[in-house]
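Subject: Structure handover

Hello,

Here is the structure you asked for, with notes below on what was found in it. Please look at the model first and then read on.

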Amino acid sequence: MEYQIAADSLKDRVILVTGAGEGIGRQAAISYAAHGATVILLGRTVAKLEAVYDEIEALGYAQPAIIPLDLQGATKQNYDDMAETIEGQFGRLDGVLHNASLLGVMSPFDQLGEDTFDDVMQVNVKAQFLMTQSLMPLVKKAEDGRIVFTSSTVGHQGRAFWGAYSISKFATEGMMQILADEMSNTNVRVNAINPGATRTAMRAKAYPAEDSSELKTPADIMPLYLYLMGPESKNVNGQCIDAQPKRKPGAA
Ligand code: NDP
């Protein structure tokens, strides 16, 4: 599908992107900034966030902000403090892209370690749940509030050896649907994106033998990221949309 997105569709909006230091999150932050947004870059590796910050500034887009936070250890208090900081600094929050995730270890179900399960569920599910709870009061005040989660093909179709990651993405889609239903009579729209195979470090970890040059890049899949974050998607709610609908799931 072709998404029609105005060049200034995100003008004056404030958008938080988690996992903004590399991969899809980095590109989404740059693309949102290119369409007029002030982006808040959240991630755990400050040097990577600073590099994205510098890139956005060098391109002449609105000055971004950085929130260093490891979702593994973050508490509800951290998220409440974060909401307060954002409100104090920007006075608004128009959108959140929940992008950061852990792949964990791919293994047969009966060998999946409890620690791996806990780590993946913490970063991919609980952190997103707590952060969303803290940020919702701000997002609800926005003219076109947007919450965008990130799922996966294994978030709606289980596949052997995808263990905790797949379970976490099923939970993400459930969380998205529940919140979308609760927000249906408001200005907030809640959806998810399934990026499909995309050339990033996570993909290389999952498919180490693959020729990554065959894969779409994060930049290739940005139209959907822009569409679901902007005013154009006001009639879309509770959907998980595939960024590469024609691609067959699995190895390239
Ligand atoms: P990457 O592994 O390339 O990037 C993930 C980002 O998340 C990194 O910036 C990483 O930070 C950050 N992150 C991971 N753990 C934490 C944490 N504990 N606290 C804060 N930040 C953290 O992943 P992709 O860009 O490939 O994936 C982005 C999203 O897309 C994920 O939700 C993934 O599940 C989903 N997806 C990706 C696909 C693909 O083919 N690439 C396919 C389907 C879904 P740091 O840089 O510090 O490690």
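Three helices, α1 (23-34), α5 (163-182) and α6 (201-206), each supply at least two residues of the shell around the ligand.

Before the details, some ground rules. This is a predicted model, in which local features need pLDDT of at least 70 and side-chain atom pairs count only at pLDDT 80 or more, while totals for chains, interfaces and linings use all residues. Residues are numbered from 1 along each chain as its sequence is written, and side-chain values use heavy atoms, with hydrogens and water left out.

The ligand site

There are 28 residues around the ligand, and Thr 45, Lys 48, Asn 99, Tyr 165 and Thr 200 come nearest. A residue counts as near if one of its heavy atoms lies within 4 Å of the molecule. Sorted by class, the shell holds 10 nonpolar, 12 polar and six charged residues. In that sorting, Ala, Val, Leu, Ile, Met, Phe, Trp, Tyr, Cys and Pro are nonpolar, Asp, Glu, Lys and Arg are charged, and the others, Gly among them, are polar.

- Tyr 165, at 2.5 Å
- Thr 200, with a polar side-chain atom at 2.5 Å
- Glu 22, with a polar side-chain atom at 3.4 Å

Taken alone, the ligand exposes 900 Å², and the protein buries 93% of that. Accessible areas come from the Shrake-Rupley method with a 1.4 Å probe; for residues, only the protein chains shown count as cover.

Aromatic residues

Which residues form the aromatic cluster? They are Trp 162, Tyr 165 and Tyr 207. Rings of Phe, Tyr and Trp (its six-membered ring) pair if their centres lie within 6.5 Å; planes under 30 degrees apart are stacked, over 60 edge-to-face, and the rest tilted. By this rule the count comes to three aromatic pairs. One of them is Trp 162 with Tyr 165, a tilted pair with 5.7 Å from centre to centre and 50° between the planes.

Trp 162 counts as buried because its relative accessibility is 11%, and Tyr 165 counts as buried because its value is 7%. The cut-offs are under 20% relative accessible area for buried, over 50% for exposed, and partly exposed in between (1.4 Å probe, protein chains only).

Arg 203 lies in helix α6 and is buried, with a relative accessible area of 12%. Its side chain makes a polar contact of 2.5 Å with the side chain of Glu 210. A polar contact is a pair of N or O atoms within 3.5 Å; within protein, one must be able to donate a hydrogen and the other to accept it, and residues adjacent in sequence count only if both atoms are side-chain atoms.

Gln 27 is in helix α1. Its relative accessible area is 15%, so Gln 27 is buried. Leaving aside residues up to four places away in sequence, Gln 27 touches Pro 218, Ala 219 and Met 222, where contact means heavy atoms within 4.5 Å.

Arg 92 sits in the loop between α3 (76-90) and β4 (95-97). The side chains of Arg 92 and Asp 94 are joined by a polar contact of 2.8 Å. With residues up to four places away in sequence not counted, Arg 92 touches Asp 12, Arg 13, Val 14, Ile 86 and Leu 138. Arg 92 and Lys 141 are 49 residues apart along the chain, and their C-alpha atoms are separated by 7.7 Å.

Asp 12 lies in the segment before β1 (14-18) and counts as exposed at 52% relative accessibility. Asp 12 has a positive phi of about 65° although it is not a glycine. Phe 161, in the loop between β5 (146-150) and α5, is not a glycine either and has a positive phi of about 75°.

Regards

How values were computed
Helices (H or I, at least four residues) and strands (E, at least two) are DSSP runs, numbered from the N terminus.
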